[in-house]
Amino acid sequence: MPTTALWISLLGMCLIVAVRYLAVSGLFAWSSRVVRPDVYAPKDPKKAVRLAKQIRREIGWSLLAAIIYGLPAGLAAHLWATRGWTRIYADVSDYPLWWLPVSLFLYLAIHDSWFYWTHRAMHHWPWLFRKAHAVHHESRPPTAWAAMAFHPWEAVSAAWLIPALTFLIPIHIVPLALVLTIMTFFGVTNHMGWEIFPKRWVDGWFGRHVISASHHHVHHERYLSNYGLYFRFWDKLCGTDKGLSDELIRAKAKREPQLQ
Ligand SMILES: [Zn+2]
Ligand SMILES: [Zn+2]
């Protein structure tokens, strides 16, 4: 029987993931009304009704996914706090300092690889797409609220990964918090329909290697390309990288004429 402490940890983590989603998606959806009023605040009443319905659906799926993400995270947190079972450490001198950035990168690279291949598999087999991934592609275009809009099967395929890694690869609590922050930030900003990074970043080294909205937007338009999560590495290596969205880059250039 789960103990009271375990229940608190499981429910607490579900609540944290849900509140984090509502706060971050809410903040970016609110600020997106200024940049993309056509998407976030349409004047046409019919469009506005359709958008409200879409956002309700995105929030519903996301809150369900938040519970699925919260459970393995809550279990790992409980085992760390009560038995010291994970390899999360709090004393920075436990491992060399260079391990801090290396562990951060390792977690992101493993997460990115897992996401790329499971995501590609879901697009490869139509039955799997219909069962697990169609929900994520229901909104065209998605909004910032779609950050966690996954069918429970898709959420299950990904939710256990970071908690499992904490049992295998040592990580200090600060890089771990950074992994979770990066995951949340990119999950939201990649779906909000406009590019948040400066155009010169997107055109430069950063944009060639790191995935932002300009890259993921192409995935939501064309489906069979741009599968990655954080890095363009796998997409480029496997020939599935179809570049960045002209629409988002043009919109960005209009907003930053002084930087041209
Ligand atoms: Zn997406
Ligand atoms: Zn997809």
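This is a predicted model: local features need pLDDT of at least 70, side-chain atom pairs count only at pLDDT 80 or more; totals for chains, interfaces and linings use all residues.
**Cavity and pockets**

Student: What counts as a cavity, or a pocket?

Tutor: On a 1 Å grid over the protein atoms alone, a 1.4 Å probe fits in a cavity but cannot get out; a pocket is open, with protein on both sides within 12 Å along at least five of seven lines, and lining residues have an atom within 4 Å of a point.

Student: How many cavities of 30 Å³ or more are there?

Tutor: The count is 1. The largest cavity has a volume of about 390 Å³, taken as the space filled by probe spheres set on grid points joined across faces, edges and corners.

Student: Which residues lie nearest its centre?

Tutor: A147, F150, M183, G187 and L229 do, out of 26 residues that line the largest cavity.

Student: And which helix gives the largest share of that lining?

Tutor: α8 does, with 5 residues. At least two residues each come from α1 (4-35), α4 (99-124), α6 (152-159) and α8 (173-189). These helices are DSSP runs (H or I, at least four residues), numbered from the N terminus.

Student: Switching to pockets, how much space lies in the largest pocket?

Tutor: About 460 Å³. Its lining has 21 residues, with M13, A73, I162, L176 and L180 nearest the centre. Two or more lining residues come from each of α1, α3 (45-83), α6, α7 (161-168) and α8.

Student: How many residues of each class line the largest pocket?

Tutor: That lining has 18 nonpolar, 2 polar and 1 charged residues.

Student: What about the volume of the second largest pocket?

Tutor: The second largest pocket has about 310 Å³. R50, L51, Q54, R140 and P141 are the closest to its centre among the 15 residues lining it. By class, this lining holds 4 nonpolar, 3 polar and 8 charged residues.

Student: Which helix gives the most there?

Tutor: α3, with 6 residues. α2 (37-40) and α3 each supply at least two.

Student: What happens just after α3?

Tutor: G84 takes a positive phi of about 65° there.

Conventions. Residues are numbered from 1 along each chain as its sequence is written. Chains are lettered from A and ligands numbered from 1 in the order in which they are written. Side-chain values use heavy atoms; hydrogens and water are left out. Ala, Val, Leu, Ile, Met, Phe, Trp, Tyr, Cys and Pro count as nonpolar, Asp, Glu, Lys and Arg as charged, and the others, Gly among them, as polar.
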